[in-house]
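Colleague: I am new to this structure. Please take me through its aromatic rings and its nonpolar surface, one close look at a time.

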Amino acid sequence: MNTGLLILRLTVGLLFVGHGIQKVSHRLGGRGIEGGAAEFRADGFRGGRLTAAAAGLGQITAGLLLCAGALTPLAATIAAGVMTVAATVKWRNGLWVQHDGYEYPLVLIILPAVLTLTGPGRWSVDQALGLLPWAPWWTAAAVGLGVVSGLTTRAVLHRPDRHH
């Protein structure tokens, strides 16, 4: 079980880190902070560079925390926040990813939530610091706070005059 949790944490965490790096740099096929800003503007968001930087740094932070198995509920909160914003952009396309739907952002909300619920495993910072087990209510609180923050971000930064 611990090996499986480690593989899951590293896979999901590194995907988050990579996606964040793409938002803020030209590495890993990214278009830099200007490209990230253009992506947010194209999706109808205000803020440009600041929005791209916040999203990218959030993804990098969530990913590093997941990889380390450190403060897993915080990682789930950040992941849920960033991915809720992504899901709101894709919502109009339906669930399935082949139609640019919200399937993938939903999976990236659920996986860190499950890691909070199960705990990140023996080989984690949380375990080394004696923070485990996380009480089940931590999962609901962490993901709930993340979703609310993502929806708030959408409400504050989305330009209502933009229609897709």
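Modeller: A patch is made of residues with over 30% relative accessible area and no salt bridge, and nonpolar side chains are joined within 5 Å. Keep in mind that this is a predicted model. Here, Leu71, Leu74, Val125, Leu129 and Leu131 make a nonpolar surface patch of about 410 Å². Take Leu129 from that group. Leucine 129 sits in the loop between helix H6 (125-128) and helix H7 (136-157). Its relative accessibility is 60%, so leucine 129 counts as exposed; the cut-off for exposed is over 50%.

Now the rings. A pair of aromatic rings is described by the distance of the centres and the angle of the planes. The structure holds four aromatic pairs. One of them joins tryptophan 91 and tyrosine 102. The pair is stacked, at 4.5 Å centre to centre with 25° between the planes. Both residues lie in the loop between helix H4 (72-90) and helix H5 (103-118), so the pair ties together parts that are 11 residues apart in sequence. Tryptophan 91 counts as exposed because its relative accessibility is 55%. Tyrosine 102 has 17%, so it counts as buried; buried means under 20%.

Tryptophan 137 and tryptophan 138 also form a stacked pair. Tryptophan 137 is exposed, at 55% relative accessibility. Tryptophan 138, at 34%, counts as partly exposed. Ring pairs also bring in Trp134, linking Trp134, Trp137 and Trp138 into a cluster.

Note on methods:
Residues are numbered from 1 along each chain as its sequence is written. This is a predicted model: local features need pLDDT of at least 70, side-chain atom pairs count only at pLDDT 80 or more; totals for chains, interfaces and linings use all residues. Side-chain values use heavy atoms; hydrogens and water are left out. Patches are made of residues with over 30% relative accessible area and no salt bridge: like charges are joined within 9 Å, nonpolar side chains (Val, Leu, Ile, Met, Phe, Trp, Tyr) within 5 Å. Accessible areas come from the Shrake-Rupley method with a 1.4 Å probe; for residues, only the protein chains shown count as cover. A salt bridge is a side-chain nitrogen of Lys or Arg within 4 Å of a carboxyl oxygen of Asp or Glu. Helices (H or I, at least four residues) and strands (E, at least two) are DSSP runs, numbered from the N terminus. Buried means under 20% relative accessible area, exposed over 50%, partly exposed in between (1.4 Å probe, protein chains only). Rings of Phe, Tyr and Trp (its six-membered ring) pair if their centres lie within 6.5 Å; planes under 30 degrees apart count as stacked, over 60 as edge-to-face and the rest as tilted.
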